[in-house]
Amino acid sequence: MVYFLIAYSIIKLYLILDIYQQSHYHIRDYFKFFINNFVFNDACVLIAGILGAYSDNIWLIIFSGSYLILYCLFYFQLKVKLVFSKRIIKLISLSILYIIAVSFIPYANPYLLLLIEFSIVPILYLEGLVSNLINRKYIISAKDKLDKYKGIKVVITGSYGKTSTKLLFNQLLNVYHSSIQTPKSYNTPLGISKFINNEYIDMYRYLVLEYGASQKNDIKRLLDISKPDVAIVTEIGFMHMNSFKTIENVIEEKMLITKNASVVILNYDNDYIRNYPLKHSCILSYGFFHGDYNARNINGGAFDLYYKNEFVIRLESNLVGKHQILNLLAGLSYAHYKGFNLERLKNAVKLFKVEANRLELKKYGNRHVLDDSFNSNLKGFVEALRVLGEYKCKRILITPGIVELGKYQNEIYNELALHIAKNVDVAILVGYKECKSLYEKLKKYNMELYVAQSFIEGYSLYLSIIKGLDSSALLIENDLPDIYKRGLKF
């Protein structure tokens, strides 16, 4: 039986290391997942494993062992696939050595192997300490390289909108100068350092960086690596509230990047940003309703740019959703301030793109799909619902809701439910426990409402709903990674 247990443990490493990677190698979040999912991952496995381990019946041993192997094959169905980085390969080697070692411990080995996700934590913790020491050298190398950089460093942060703003800002700068950006959502000290150390940044006039923060002091750690010449704060809102606890903590954390910048670019439509008592000699403010730079007369992706209530230029883009035009305003504010020839943008801006799955419109005949699955926040969710509401056909929503709202969840879901009921004909909620609160709010509106265990189940339900319809519009809002999947059906 011990050979079955060893095989089970090695296969289960895929789940263990995938969740550890999705937790950004934080033991606390890793523990939280496995404790919340103990029943799903271990209840049946423990019973089968112990029966086989303490039985002399060869057929029961074979049956129990085979069950373990077949059961853990389901771990490969994770939505976010394990990235086999150098660190993960090293962890695989250490973990296999650990599994082999504990298999020789009499009496205790069945439990150590069946509950491998818990017994292996000391190995993960020790490897984490070593990796942090190695990463520290890597971060110092990036800091030295940034200190010597002679170009202009643009740093973007915010609760949301920062990655799209970064992409649009970088595309705009490249119309006039050479500019490079951090890829995807590389916004942590290690992610940014990896990018800096692997690029010839001195070749570029501009360097556009994204700074992320999921808890207090994250921005401070990033500023220790490099301070911005141009600082942009896109939005401040209710994100990562489980760690930040209060909105005041979020405000102070995000606004830290403004203190050492020569130019500060702020979204004044955000009340928290507009009302922040910032004293700075050069603030470029933008928004639809507030600030010096405004986008007006919006028609699809076309809009007029105004500066202090005076018309500047009309631009036509292929961006979907007003919030993307708002993100573009940050770059347009800077271009106007620097005296760039905005006429050069008339054709260029039509080619500007944001990353996939950020309110991306896809068409399949008469079926329209708005893919906004990358992540979700209240403002972006409401804008996506507004776009969905403009369709004159069956309007369907698939969503697990918004995560990490902390004590603000009830207030935010009250507002969100109102917008869903106004713009959606059929709502399909995914995830049971994750969306229970939103489900209770939506029930009050007597709308067509379903709950699915997974996105695949929800999408199958959507296909059955639109069967026979001439046309339909689907909004996919947020698509939670496996780290958030927990809870029994309610």
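Visitor: Which exposed residues does the face of α18 turned away from its buried side carry?

Guide: This is a predicted model, in which local features need pLDDT of at least 70 and side-chain atom pairs count only at pLDDT 80 or more, while totals for chains, interfaces and linings use all residues. Residues are numbered from 1 along each chain as its sequence is written, and side-chain values use heavy atoms, with hydrogens and water left out. Helices (H or I, at least four residues) and strands (E, at least two) are DSSP runs, numbered from the N terminus; buried means under 20% relative accessible area, exposed over 50%, and partly exposed in between (1.4 Å probe, protein chains only). On the face of α18 turned away from its buried side, the exposed residues are E411 and K422.

Visitor: What arc do the buried residues of α18 cover around the axis?

Guide: The buried residues of α18 are I412, Y413, L416, A417, I420 and N423. They lie on the same side of α18, because the arc they cover around the axis, taken from the directions from the helix axis to the C-beta atoms, is only 140 degrees.

Visitor: Is I219 buried or exposed?

Guide: I219 belongs to helix α11 (residues 218-225). Not counting residues up to four places away in sequence, I219 touches T157, Y211, G212, A213, E253, L256 and I257, where contact means heavy atoms within 4.5 Å. Because its relative accessibility is 0%, I219 counts as buried.
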